[in-house]
Amino acid sequence: MATSEAVLQVLGGSLPSLFGYDHSFRELGSSRTSRSFIRCKKKRGPNYVNFLNCANTSYRAIMVDLSLRIRRPVHGNISHSYLRSVKCKCQQADSASSIASEKGNGTWFVDNDQSFDTIHGDTPSALQFETVRELKVGEEDFQSNGSLPPNGSVEDALNKIAGNSIEDEAWELLRESMVYYCGSPIGTIAAKDPTSSNANVLNYDQVFIRDFIPSGIAFLLKGEYEIVRNFILHTLQLQSWEKTMDCHSPGQGLMPASFKVRTVPLDGDDSATEEVLDPDFGEAAIGRVAPVDSGLWWIILLRAYGKSSGDLSVQERIDVQTGIKMILRLCLADGFDMFPTLLVTDGSCMIDRRMGIHGHPLEIQALFHSALLCAREMLTPEDGSADLIRALNNRLVALSFHIREYYWIDMKKLNEIYRYNTEEYSYDAVNKFNIYPDQISPWLVEWMPSKGGYLIGNLQPAHMDFRFFSLGNMWSIVCSLTTDDQSHAILDLIEAKWTDLVADMPFKICYPALEGQEWKIITGCDPKNTPWSYHNGGAWPTLLWQLAVASIKMNRPEIAAKAVEVAEKRIARDKWPEYYDTKKARFIGKQARLFQTWSIAGYLVAKLLLANPSAAKILISQEDSDLLNAFSCAISSNPRRKKRGPRSSQKTYIV
């Protein structure tokens, strides 16, 4: 490896305060109970005042301070001064025309000989659509001479009509899943499966942050901004300040996994009720694992909202800026871990059950890198942000180097690992993580194509998880965590292994599945994660939208278009399942919810982006030239070749 001996040293230092005005917030936050609610009166008596009937509260401190006093009646002159101090500025989202046209939603035809520049807004000439006029011409040709029209235009147009009907159904279902709070849309529930009994609903009737992301993107692409804005601001109000679970408190800044709108009686008034936002930070979830990815997805959606709507006032608000900093502060905190990757527990992301992804799973690293880039773009320049931005930039450089150098696998790298020496001690060691060549599984030797490669699922001392994890690889392309060559190689592998990763329904969440004794040990004999089911090699239609963004970024939209065509053959007929089982994704998942919202939204986002590829720029992060220069300089400097001396004041990441 050309850069295997290089070690990265970056500036850091202690961060005594990431933002100067957070002390008062913490003092206010300490007055909250261990159970965090946001309330809104649905019906009120004459002596009560509704403080939170608003999606836009001016200051975060007010929200925290009033959370326990919202039910109290206010009398006399006190009420006027008190109300002035908590006055809300309510603004309705301006209506805007849809970003993506509803035309051209049918079957896609790709001319590989033509150029396709989507990100810079050029006309997508490579994608040609069958029009109604062509259908009429084809019908006339058929009637006049009795022969079929050329190029199968009738069949293609019929496919387009079928595709449009699927989209209409999907939009109807997505709107039916919307959840309202104080009369305003605030999110979408995870699933609205009419076949599930009330006893078997579990938490699928809640609004999940990660599940809402494709729904939110779909609404943004349609120019419907209100629901996304409300979701961003209300989930911010639920952000952890003094949350506890089993007598332990998570770090400030943790975003909930989900929340539910509950209607409860108002204390002291039997004729009135109030709506309550009840968050779940993992204390009620299966496995009781706090979500790491919620805050990262929240930052990504916040940036997408600003880019799509043009409304930057949301991300510039004091409470939103504080929320961003709290998430970054939590993720960038010092600890025992010496790697630039983010250390997390098993089940703390989309794969939310025991699947052996504890440590430094790729999915979290890709989202972490993406969130760092998005946050840096949105943070307002001020004295309190300088140290945070410096630490953020240093981490980005170290993280990019680490993932590109040590997580990448292709035939060449696989052969290097096969010839590794072990038990190497020195800064110049080639096998830095003491990987044993015998860890290379027989399936990988046969499966790895001669052209293409991917990022492995996890890396820890003496352990490389060689499984292909789809979300992490696709989002690494989207956020430029991989180089252009690596990004194309990932797409090359997807095409080469189409029957394994797509088959009858896109897209395998990971490959291959854990089986036999390995499945028993790693999953604990999980009856839901049996081989080729659920998170253990199941196929998840929601991954379509991430495949679409990655393909469009690399000017290869035909990959996503082909996957969408595969999905359209049965996803609506199968009632929009959560996931599919078996190696070829032929069966609906044995415990899959039907009418799963993010399956519906994932399909819609893929269609909208393929119809208007330039809209993908709201999600894509291009590689920063300054970071690239710092990355190159750090590699060439190779500071670890120097002899050991006194400890430097600079912060060092082991890469």
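Reader: Is Ala257 buried or exposed?
Author: In this predicted model, Ala257 counts as buried, because its relative accessibility is 11% and the cut-off for buried is under 20%.

Reader: Where does Ala257 sit in the chain?
Author: Ala257 lies in the loop between α7 (226-237) and β7.

Reader: Which residues does Ala257 touch, apart from those up to four places away in sequence?
Author: Ala257 touches Val207, Phe208, Ile209, Asp280, Phe281, Pro291 and Ser294.

Reader: Moving on to β7, how many bridges join it to β8?
Author: Strand β7 (residues 258-266) is joined to β8 by 9 bridges, and the two strands run antiparallel.

Reader: What lies between β7 and β8?
Author: The two strands form a hairpin with 2 residues between them. In the turn, Gly268 has a positive phi of about 80°.

Reader: And how many residues of β8 are buried?
Author: Strand β8 (residues 269-280) is mostly covered, with 9 of its 12 residues buried.

Reader: What is the strand order in the open sheet of 4 strands?
Author: The order is β9-β10-β11-β12, with antiparallel pairing. The edge strands are β9 (408-410) and β12 (510-511), each of which pairs on one side only.

Reader: Which helix packs on the sheet and touches β9 and β11?
Author: That is helix α13 (residues 411-418), whose direction makes about 100° with that of β9. Helix α16 (residues 484-496) lies across β9, β10 (453-460) and β11, and runs at about 105° to β10.

Reader: How many bridges pair β11 with β12?
Author: Strand β11 (residues 463-469) pairs with β12 over 2 bridges, in the antiparallel sense. Phe468 stands opposite Tyr511 in β12.

Reader: A cysteine matter next: how many disulfides does a search of the whole structure find?
Author: The search finds 0 disulfides.

Reader: Are Cys331 and Cys510 buried or exposed?
Author: Cys331 is buried, with a relative accessible area of 10%. Cys510 is also buried, and its relative accessible area is 0%.

Reader: Where is Ser215 found, and what does it touch?
Author: Ser215 is in helix α6 (residues 209-221) and is buried, with a relative accessible area of 0%. Not counting residues up to four places away in sequence, Ser215 touches Leu174, Thr188, Thr597 and Ala601.

Reader: How many residues has the largest nonpolar core?
Author: The largest nonpolar core has 165 residues. Those with the most contacts inside this core are Ile217, Trp298, Ile324, Tyr454, Trp475, Ile494 and Trp576. Helix α11 (residues 362-378) gives the most to this core, with 11 residues.

Reader: What is Trp576 in contact with?
Author: Leaving aside neighbours within four places in sequence, the contacts of Trp576 include Ile166, Leu173, Arg593, Phe595 and Tyr603.

Reader: Finally, how many helices and strands does the protein chain have?
Author: The protein chain has 22 helices and 14 strands. Of its 655 residues, 57% count as buried. Among contacts with a separation of 6 or more, 74% are between residues 24 or more positions apart.

Conventions
Residues numbered from 1 in each chain as written. Predicted model: local features only at pLDDT ≥ 70, side-chain atom pairs only at ≥ 80, totals over all residues. Heavy atoms only, no water. Disulfide = S-S within 2.5 Å. Buried < 20%, exposed > 50% of the residue type's maximum accessible area, 1.4 Å probe, protein only. Pairing = 2+ DSSP bridges. Contact = heavy atoms within 4.5 Å. Axes fitted to C-alpha atoms, helices over the stretch in contact; angles between N-to-C directions. Core = buried A, V, L, I, M, F, W, Y, C linked by side-chain atoms within 4.5 Å.
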